[in-house]
Amino acid sequence: MTTTIALISGANKGIGLATARQLGARGMTVLLGARDAGRGQEAERALRAEGIDARFVPLDVTDEASVAAAAELVDREYGQLDVLVNNAGIVRADGTALPSETTLATLREVYETNVFGVVTVTNALLPLLRRAPAARIVNVSSEVGSIAVMTDPQGALFALTSVPYPSSKAALNMVTAMYAKELRDTPVKVNAANPGYCATDLNGNSGFRTPEEGAEVSVHLATLPEDGPSGLLWGYQMDAGGGYGVLPW
């Protein structure tokens, strides 16, 4: 393979689309994983109009058959995968978002996408990632998944009490750490990205960072050099006054 192949889940809008655009601008072939065929095809057309080698790939991370089909497509068409960005994610909460108001149905729904979906996709594509010279796996997480950040009384996020989304990102952080441990003696690097509070449909476009700024974090981790780190939560540091760096688990 002479072309670097990147697959981004949830790539039809927001940070996922911005990540695809930025990786494509670096010369990568970007595979746009999306559940909605119409939106996925629209994103493909938009990126191709910008001169980016983009291709929509049907991908519902909560559907094992869909994930398997996507992996088969990548194997058949490209033979390997250089970059996997597990970007797809959802936010749900019950009532006023207090832990005592959380329903199991909501918890299960969030974990299906934010945790179980990441494991499903990663396991399906790992054989293809191992074939690449130096693959990169980026799991898009959040500072709300950092127990240290969320329990700091002086921190900006201390008032947040919701269980489903924050706990799913805490679980994702552990998932990231465990894959990094398994792959520590290989060229594959696995890290969690914190894009920061970006204006996307996830939060009603209320964030103070742009999707493009959020994508910078994933792109950095997706293009780490050979001596780059693995097994970290890295990205925007709200409590440090901005800038990028390592966040505590």
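Here is a short chat about helix packing in this predicted model.

Modeller: Quick ground rules: the model is predicted, local features need pLDDT of at least 70, side-chain atom pairs count only at pLDDT 80 or more, and totals for chains, interfaces and linings use all residues. Numbering starts from 1 along each chain as its sequence is written, and side-chain values use heavy atoms, leaving out hydrogens and water.

Biologist: How are α3 and α4 oriented to each other?

Modeller: Helices here are DSSP runs of H or I with at least four residues, strands are E runs of at least two, and both are numbered from the N terminus. Helix α3 (residues 64–77) packs on α4 at about 15°, with the axes 9 Å apart; axes are lines fitted to C-alpha atoms, for helices over the stretch in contact, and angles run from 0 to 180 degrees between N-to-C directions. Angles under 35 degrees count as roughly parallel, over 145 as roughly antiparallel, 65 to 115 as roughly perpendicular and the rest as oblique. So α3 and α4 are roughly parallel.

Biologist: Which residues of α4 make the contact with α3?

Modeller: Contact means heavy atoms within 4.5 Å. From α3 come Glu64, Val67, Ala71, Val74 and Asp75. Facing them in α4 are Thr120, Val121, Ala124, Leu125, Leu128 and Arg131.

Biologist: And α1 with α7: roughly parallel or oblique?

Modeller: Helix α1 (residues 14–25) meets helix α7 (residues 211–222) at about 55°, their axes 8 Å apart. That angle therefore makes the pair oblique.

Biologist: Which residues of α1 meet α7?

Modeller: On the α7 side, the list includes Pro211, Gly214, Ala215 and Val219. On the α1 side, the residues are Gly14, Ile15, Ala18, Thr19, Gln22 and Leu23.

Biologist: What does helix α6 span from its first C-alpha to its last?

Modeller: α6 covers residues 164–182, 19 residues in total. The expected span is 1.5 Å times one less than the number of residues, and α6 comes out close to that expectation, at 27 Å.

Biologist: What covers the buried residues of α6?

Modeller: Buried means under 20% relative accessible area, exposed over 50% and partly exposed in between, with a 1.4 Å probe and protein chains only. Among the buried α6 residues are Tyr165, Leu172, Val175 and Tyr179. Their cover includes α4 (104–131), β5 (136–140), α5 (147–150), β6 (189–194) and β7 (233–236).

Biologist: Is Ile147 buried or exposed?

Modeller: Ile147 sits in helix α5. Its C-alpha is 7.3 Å from that of Ala170, 23 residues apart along the chain. With a relative accessible area of 57%, Ile147 is exposed.
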